[in-house]
Amino acid sequence: MVVKTKAHQKNDLTIITTHINADFDALASMLAAQKLYPDSIAVFPGSQEKNLRNFFIKSMVYLFNIADVKDVDIEDIKRLVLVDTRQANRIGNLSAVLDRPDVDIHIYDHHPPMANDIKGHHEVHYLTGATVTILTELIKKKEIDISPDEATIMCLGIYEDTGSFTFPSTTEKDFTAAAFLLSKGANLNVVSNLISREISPEQIGLLNDMIQAATRYNINGIEIVITSVTTGNYVSDFAFLVHKMVKMENLDAIFAIALMGDKVYIVARSRMPEVDVGALLTPLGGGGHTFAAAATIRSKTIAQIEYELLEILYKKVKSRNRAKDLMSSPAITADADISCKDAGDLLTRYNINALLVTQTSDGKKNLVGFITRQIIEKAMFHGLDHIPVKEYMTTELASVERNSELQEIREKIIENKQRLLPVIDDDTIIGVITRTDLLNIMVQQSQHTDPGSPDFMKGHSHARTRNIVKFMKERLSPRIIDILQTIGEKAEEIGCGAYVVGGFVRDLFLYRNNEDIDIVIEGDGIEFAKNYLQTVDARIHSYEKFGTAVIIFPDGFKIDVASARMEYYKFPAALPTVEMSSIKLDLFRRDFTVNTLSIQLNPGRFGVLIDFFSARKDLKEKVIRVLHNLSFVEDPTRVFRAIRFEQRFDFSIGKLTSGLIENAVKMDFFKNLSGRRVFAELRHILEEENPLAATTRLNEYNLLSVIHPSIVLNQEMISLFNSVKKVLSWHDLLFLEEPYMKWALYFLVLIRFCDKKTTSEICQRIEIAPRYRPIFCKERFEADNCISWLERNLSAKNSAIYQRLSVFKIELILYMMAATKNEMAKRSISNYFTNLRHIHTSIKGGDLKKMGLEPGPIYREILEAVLEAKLNGRLKTRTDELSFVRNYVR
């Protein structure tokens, strides 16, 4: 909606705009710019913060000549004035104007320069606490008159962006500008009321979570706090909450990471010049000032981001050499649309290990990412050679300018693990610096990596730890505690680290009983198991290929032992290839964060909980998340497990993880899964307490088609699932000791509407064992016929019902009871199951012989006649049976 506009000639518009999610400094800068460009129109490119929106609507709207971005014809713009930003991706649809050579671009900004900044025809830029400070100086210099209301809005921008002159980024110019605005009648009462924000209950909860999740790291003698939180919806004023936490906790440097919806937001604040948060967040796609910065990231988990951020913090060093002295030129590039196979050919042709990826626009190659030989080869192994490189390239690419020093070069190559670093001059790629180039100069100058720098995949660097011995003793039996302590002592004797990991630890915190103990040994797991046998009465089964062993006690209790290992997959859906590793890499190969908790067992650290990947936070927030983005590509069966765990624990699948599942389905990575692996996961799901919930999720993700395209979850099948659940509840209450295959009963429901040919195809596809196939391919159809007979013969005698049902296995009897919609037929089956099947004759063949009857076929005929009479209630006692035989023989 146009709030207020003035007449303009066509093709002669001056538009003033700022960044999406505009704050008070952006608003104030737009007003100040309108004083410098009197005939301009102010346009917001997107939404504003809530407090800004309320203020704008209810207060001084009359001061602005403003239009809705939807009402502006892009073709009419002659001049674009940008305030408080120089980033094309932050001005929304107005970025389309930047490609027009006939548009005059003016920029006013106080942020540090970045490589991808918009280049203007007129730029005014220097470091101040607020952009409106720069514009206020120009207004003062040009002696442009402003009203008290205008002065108030402009003063508001300075106060907010300088934290009321408390932020380290505040400069002398900010004080001078504020003093000038006060002289023009700025109302500090209005400023104070707008700066003092009320915190909502939702924000209070998030702030408390931030404080509770805070972890302090001592990095090069500086204490840096990292806190990670997750919320299902976007919570406004996250930066304000970070500022609150800095003041409440008196922090020198903080990186706050928040997963809100499907995006991860990072807000960083620093009071120390040694921690340049703007530079630190640049490799993650963010930016800002030395003391305040932010980043927004998609398609990465919090665990990945924390790991990358910590690498950046630990590896930042100084140097003075320049990029132009180290680079190789020209740079070898590849177009974003070429296939992975063609990119691999380029790597081979030029004998290099990485390619810069470009996208041509208006005849100019624009850098959009890079791709390494490792990723290309992995894509080829997964059969993705025809996919364009843009699908798998790394888009968060650091670059340097020709005069960048070695400090920056080393930081960006090491922090981002880039094989090559592009050198950019005036938006043109003029060369690359490789890791070999960097290594040569470092060797020449005898500058080696700090030996104190941590190895992130060894030891427990930046893991959350906590001693939980007391909690373990409350939750576990004395026998389990003794076993765990003995394992730790034996591991210590042979110089190994021992950990109990996985579901056992997860369920400990979920207060679920689980005595399936999985032990990981940092060393040779099989050798450990053999040594452990010297102290206990047990035997072992070992599996050399996987470095695992099972310790079996005399009472049948088992402990699984594995060597700490890493896995890689030769193609999508393949079984993993295993190599020895550390505890952290062993945990990183696992499916979901909630399964990555471990407890150390060695004496001295017994009972120390180790949490590398924020597993406890995800348990608290009840979320299933993967550890890395190729998780479902490498092992699609994890999709089934994600759904199973989600429903078992009443959790939810994280938005990023859900998107990755959808991608795996779209790319059809399940086609290479062996039927046996599909069946194993399906069987686990069907053995859950409520398989319908998980089956519904399978259907939502279109995963039932992995079993067979003909299987569709419709209302009739849902009703049958619920009916089976009721029947099983009835059975388990009355016949507790009677075993049955629960999964088979629910599988009968899944294939209920499939014909014989389709059923056979399904059994073959998922490789159901031959001993089970008759149930589904033959006997199920006989059971369906029996249901029809029962529904047609509601008055049938007990003997007839017995004769029909006695040939079926227990699973098929229960299936029929659930499948029939006729209550009388259901009662007939229930009567058979509860009573008739337990009825037997008291007399045997010996009794007939004593009565003088010659052995032969007559015996069977007589005994069947006795059983029939007994089933129909005509015989009660043994005497009745003998009397019946005498009469029957006569």
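Reader: Do helices H17 and H19 lie roughly parallel or roughly perpendicular to each other?

Author: This is a predicted model, in which local features need pLDDT of at least 70, side-chain atom pairs count only at pLDDT 80 or more, and totals for chains, interfaces and linings use all residues. Residues are numbered from 1 along each chain as its sequence is written, and side-chain values use heavy atoms, leaving out hydrogens and water. H17 (residues 478-493) packs against H19 (residues 525-532) at about 110 degrees, with the axes 10 Å apart (angles run from 0 to 180 degrees between N-to-C directions, along lines fitted to C-alpha atoms, for helices over the stretch in contact). Angles under 35 degrees count as roughly parallel, over 145 as roughly antiparallel, 65 to 115 as roughly perpendicular and the rest as oblique, so H17 and H19 are roughly perpendicular.

Reader: Which residues of H19 meet H17?

Author: Contact means heavy atoms within 4.5 Å. On the H17 side, Ile-483, Thr-486, Ile-487, Lys-490 and Ala-491 take part; from H19 come Phe-528, Asn-531 and Tyr-532.

Reader: In what order do the eight strands of the open sheet stand?

Author: Two strands pair if DSSP finds at least two bridges between them. The pairing in this sheet is mixed, and the order is S18-S27-S26-S19-S20-S23-S22-S21.

Reader: Which strands stand at the edges of that sheet?

Author: An edge strand here has a single partner strand, so one side of it is left without a neighbour in the sheet. The two are S18 (464-467) and S21 (539-543).

Reader: Which residue in S27 stands opposite Ser-598?

Author: S26 (residues 598-600) and S27 (residues 608-611) pair in the antiparallel sense over three bridges. Opposite Ser-598 in this pair stands Ile-610.

Reader: Which strands does H17 touch?

Author: H17 packs on the sheet, and its direction makes about 15 degrees with that of S20. The strands touched are S19 (497-501), S20 (517-522) and S23 (558-563).

Reader: Where does pLDDT stay under 50, with 32 contacts beyond four places in sequence?

Author: pLDDT is the predictor's confidence in each residue, from 0 to 100. The protein averages 86, and 91% of the residues score at least 70. One stretch under 50 is residues 577-581, with 22 contacts beyond four places in sequence. The stretch with 32 such contacts is residues 445-461.

Key
Helix = DSSP H or I, 4+ residues; strand = E, 2+ residues; numbered from the N terminus.
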